[in-house]
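Good morning, and thank you for making time for this item.

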Amino acid sequence: MAPSGPGSVRRRCRRVLYWIPVVFISLLLGWSYYAYAIQLCIVSMENIGEQVVCLIAYHLLFAMFVWSYWKTIFTLPMNPSKEFHLSYAEKELLEREPRGEAHQEVLRRAAKDLPIYTRTMSGAIRYCDRCQLIKPDRCHHCSVCDKCILKMDHHCPWVNNCVGFSNYKFFLLFLAYSLLYCLFIAATDLQYFIKFWTNGLPDTQAKFHIMFLFFAAAMFSVSLSSLFGYHCWLVSKNKSTLEAFRSPVFRHGTDKNGFSLGFSKNMRQVFGDEKKYWLLPIFSSLGDGCSFPTCLVNQDPEQPSTPAGLNSSSKNPENHQFPAKPLRESQSHLLTDSQSWTESSTNPGKGKSGMSNPALTMENET
């Protein structure tokens with residue numbers, strides 16, 4: 001076997017270093033379990049009823065926290081499917097063509113049947129040179145993972161993973177349960193923390209665990225509440241962190257609310273249709289991550305007009321209806337909403353074109 005080069009050694013070292021934040025959180029979580037369950041509940045609490053109630057509630061929050069954290073870390077990010085990868089012939093043709101209009105013409109032909117509506121700032125097809133694929137809507141290349149990630153939100157060092165389509169729900173639940181975990185500890189530890197300062201506790205090692213436990217829980221509660229609140233706002237607007245900083249670009253131009261379908265549908269896109277799974281770290285998000293319904297498709301003058309009965313105002317994201325189906329019917333349950341899709345009953349002969357994208361077809365014809 002050939003010896004490993006310096007580049008390979010550096011990559012291995014980086015992989016090890018990336019796990020340091022996860023190890024830190026795991027050690028902190030292990031210490032908090034010992035400090036709360038053992039030193040506070042068993043050693044310091046004298047009331048048996050209080051002990052039982054606190055231990056049951058604590059273990060419930062602890063289990064949900066660990067479960068959601070585990071799923072966020074070890075759920076592999078989803079990558080674009082094969083249909084977005086260029087064929088061997090298209091790659092060769094692309095390599096021969098210089099950067100410019102001829103280069104874009106090759107990409108337009110390759111993308112004419114793909115369900116994509118977003119472009120680069122210059123209006124070009126979004127193409128990843130590193131992965132050699134046409135990027136689906138809301139897909140971005142992660143420099144840490146060195147892969148294109150579907151509906152990428154950000155790369156989180158605290159979970160050593162990319163947060164995207166496959167684990168965004170788990171990440172939200174991780175934030176929610178970690179916040180509840182810290183708030184619960186701070187609330188139930190407060191009276192013993194006060195006793196510490198008033199010398200109401202015996203001078204044992206539990207005294208110091210109780211003090212530092214309250215400080216840690218209160219400190220993390222503040223930071224987690226702001227982060228969780230921010231991501232709740234992103235979900236309500238159907239945005240990713242990347243899209244909040246740089247709005248997606250469509251053919252007609254930039255629009256920060258291009259993927260917003262109204263609060264209810266935005267929530268369902270992340271958490272799914274069945275509410276019984278919303279609070280569990282079980283995958284229930286709608287769609288496949290490669291295509292997304294958008295309220296802006298029919299604002300493109302080159303696209304077909306909206307069928308009769310679907311012309312509602314797009315200025316009010318809470319009340320607008322879906323545009324004419326631009327995507328594959330199997331991609332998202334949102335696209336089969338009986339209140340939004342009326343053209344299927346009036347036009348049974350249409351909607352069988354699979355993944356045909358009218359915007360790109362028209363562009364290719366011109």
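The protein chain has eleven helices and nine strands, where helices (H or I, at least four residues) and strands (E, at least two) are DSSP runs numbered from the N terminus. This is a predicted model, in which local features need pLDDT of at least 70 and side-chain atom pairs count only at pLDDT 80 or more, while totals for chains, interfaces and linings use all residues. Residues are numbered from 1 along each chain as its sequence is written, and side-chain values use heavy atoms, with hydrogens and water left out.

Of the 366 residues in the protein chain, 46% are buried; buried means under 20% relative accessible area, exposed means over 50%, and partly exposed lies in between (1.4 Å probe, protein chains only). Taking contacts (heavy atoms within 4.5 Å) between residues at least 6 apart in sequence, 64% join residues at least 24 apart.

I turn to the annotation. The unreviewed UniProt entry places the feature "transmembrane region" at residues 16-36, 48-70, 170-188 and 208-230; these positions follow the numbering used here, feature names are shortened, and annotations may be inferred rather than shown by experiment. In the model, residues 48-70 are 100% helix and 0% strand, with end C-alpha atoms 32 Å apart. Residues 170-188 are likewise 100% helix and 0% strand, and their end C-alpha atoms are 27 Å apart.

Next, the interior. A nonpolar core is a set of buried Ala, Val, Leu, Ile, Met, Phe, Trp, Tyr and Cys residues joined through side-chain atoms within 4.5 Å. The largest has 47 residues, and Tyr36, Tyr58, Tyr69, Tyr168 and Tyr181 have the most contacts inside it. Two or more residues come from each of helix H2 (20-44), helix H3 (48-74), helix H6 (168-197), H7 and helix H9 (263-271). H6 gives the largest share, 16 residues. A second, separate core of 23 residues includes Phe84, Leu94, Leu107 and Cys148.

Which residues does tyrosine 69 touch, not counting those up to four places away in sequence? They are Val22, Ile25, Trp158, Val159 and Phe174.

Finally, phenylalanine 215 is found in helix H7 (residues 205-237). Is phenylalanine 215 buried or partly exposed? Its relative accessible area is 44%, so phenylalanine 215 is partly exposed. Its C-alpha atom is separated by 9.3 Å from that of phenylalanine 193, 22 residues apart along the chain.
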